[in-house]
Amino acid sequence: MPMAGTIIDGMAMLGERSLEVLNPATGGLAGTIAVADAAAVEAAVASAKAAFLAWSQTTDAERCAAVLACADLLDHHAEELARILTAEQGKPLNGMGSRFELGGAAAWTRHTAGLKLPVEFVQDDADAHIAIHRKPLGVVASITPWNWPLMIAIWHVMPAIRTGNTVVLKPSPYTPLSTLRMVELLQNALPPGVLNVVAGSDEIGPLLTSHPDVAKICFTGSCNTGRRVMASAAPTLKRLTLELGGNDAGIVLADADPKAIAEGLFWGAFVNNGQTCAALKRLFVHDAIYEAVCDELVAYAATIKTGAGTDEDSLLGPIQNRMQFDKVTRLVDEAAAAGARILNGGAPSGGDGLFYPVTLVANAMPGMSLVDEEQFGPALPIIRYSDIDTAIDQANAVDVGLGGSIWSSDIPRARDLAMRLECGTAWVNKHGGIRPDTPFGGVKASGFGVEFGQHGLEEFVSLHVIHD
Ligand code: NAD
């Protein structure tokens, strides 16, 4: 019996067509869903539109309580959801894997419950009274990728409903199972229609992004799909938050301590097997310590086990899907053919699962596809430089700009250099850390709009100014 691919008005519904969801660790089946079709998308948007009438009129305290109840449900069912996530996504239960993702989802939900958008007064005296109110937008469509499917859904859904909007969520066809179960559980905390889900193939995305009754789209995914989403939303002038791809550079200065930074560099790059938007994807290392940094990274990598996510000692799992697996294989092969030095790994592990070992690639250079394209997998190109201005120019010479980092023992200098990186977030002596109280978003082709905290909440409301 397939799992329902649609939850509308609080009720699970079976579609006629089914979709098989594969377990990337085994190549076997993680589950089957009866997918949503065009009629289901229509019904989901209609349900969200109808629910908006009452939900947008609830008090701030009522919505805060509902979001807190969602956080409790996520905590209560964390292990169940983590196991579904590992089966379909591949990431390990342990380390920065599924349990970590569920912990993050609950933490973000709880933080969002506590955020407020009070009425602001520009002037409030005998001469004038000017008040700025925030109003919810209406139906929000949330479209999510397969790398951090639950956390990213929470990043879209919770600020939307916290501010009085209603939602239709569309998960990636690679990882719909955990999202469907999560939405089913969250129905216990929300009135019917406030959070609906339609799971199916990519084809249902455009039905949502062009729908006249959708007011805003939160899209997290690739740059190319982001462009399609923006074009599709243009005729109805929808609000957009686009969190797209990245090709983050990390720059290690000559004064950094290779041993001290190896662990941070490794996890900056290989968190979730490199399948993370703001992972470190191009590592620039000063000539003076280049070999030492390579040696320390290889030594650290040797201590990390890649294996089935259900093994408690695995810290990295398989690549999530065949397309991504083939891409990583191609990029590493092309780098080797172009003269790069493969320090470890370098070829698929073999077997039924989509396992590819951690691969560090020395003597990489801009112009190699592994450097110029977003690899989104467990292969890190390491580029040698001797002039910092050239390194900064090369770091900025891509069309995307999500994150970046500078690694140095001279913090003031590192901060100054971080300011020169063209990206939404730059870190010093770390890479990729995010927090629910700090805005996160991209520049250039990495998208626009931010998520998290007060700035992120503002993206779900319009200003309504009253002069009297
Ligand atoms: P993708 O663009 O292939 O798919 C993302 C979602 O869009 C899926 O749900 C898919 O079904 C849907 N979709 C596909 N075609 C559509 C269309 N025409 N209209 C509407 N929706 C459509 O991306 P992916 O491969 O799932 O995710 C990986 C990418 O996401 C990487 O580039 C990564 O960097 C990026 N990403 C960015 C962030 C961020 O915060 N900036 C976070 C995570 C992932």
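This briefing describes the ligand site of a predicted model. Local features need pLDDT of at least 70, side-chain atom pairs count only at pLDDT 80 or more, and totals for chains, interfaces and linings use all residues. Residues are numbered from 1 along each chain as its sequence is written, and side-chain values use heavy atoms, with hydrogens and water left out.

**Surroundings of the ligand**

- The ligand is surrounded by 29 residues, each having a heavy atom within 4 Å of it.
- Thr144, Asp202, Ser222, Leu244 and Glu374 are the closest of these residues.
- The shell comprises 14 nonpolar, 10 polar and five charged residues; in this classing Asp, Glu, Lys and Arg count as charged, Ala, Val, Leu, Ile, Met, Phe, Trp, Tyr, Cys and Pro as nonpolar, and the others, Gly among them, as polar.

**Polar contacts (pairs of N or O atoms within 3.5 Å)**

- Lys170 places a polar side-chain atom 2.9 Å from an oxygen atom of the ligand.
- For Thr225, a polar side-chain atom lies 2.8 Å from an oxygen atom of the ligand.
- A polar backbone atom of Leu244 is 2.7 Å from a nitrogen atom of the ligand.
- Of the 850 Å² of accessible area that the ligand has on its own, the protein covers 92% (Shrake-Rupley method, 1.4 Å probe).

**Position between domains**

- Because domain 1 (3–244 + 446–467) and domain 2 (248–428) both give residues to the shell, the ligand lies between them; the bounds come from an automatic or database domain assignment.

Technical notes. Polar contact = N/O pair within 3.5 Å; in protein donor to acceptor, adjacent residues only side chain to side chain.
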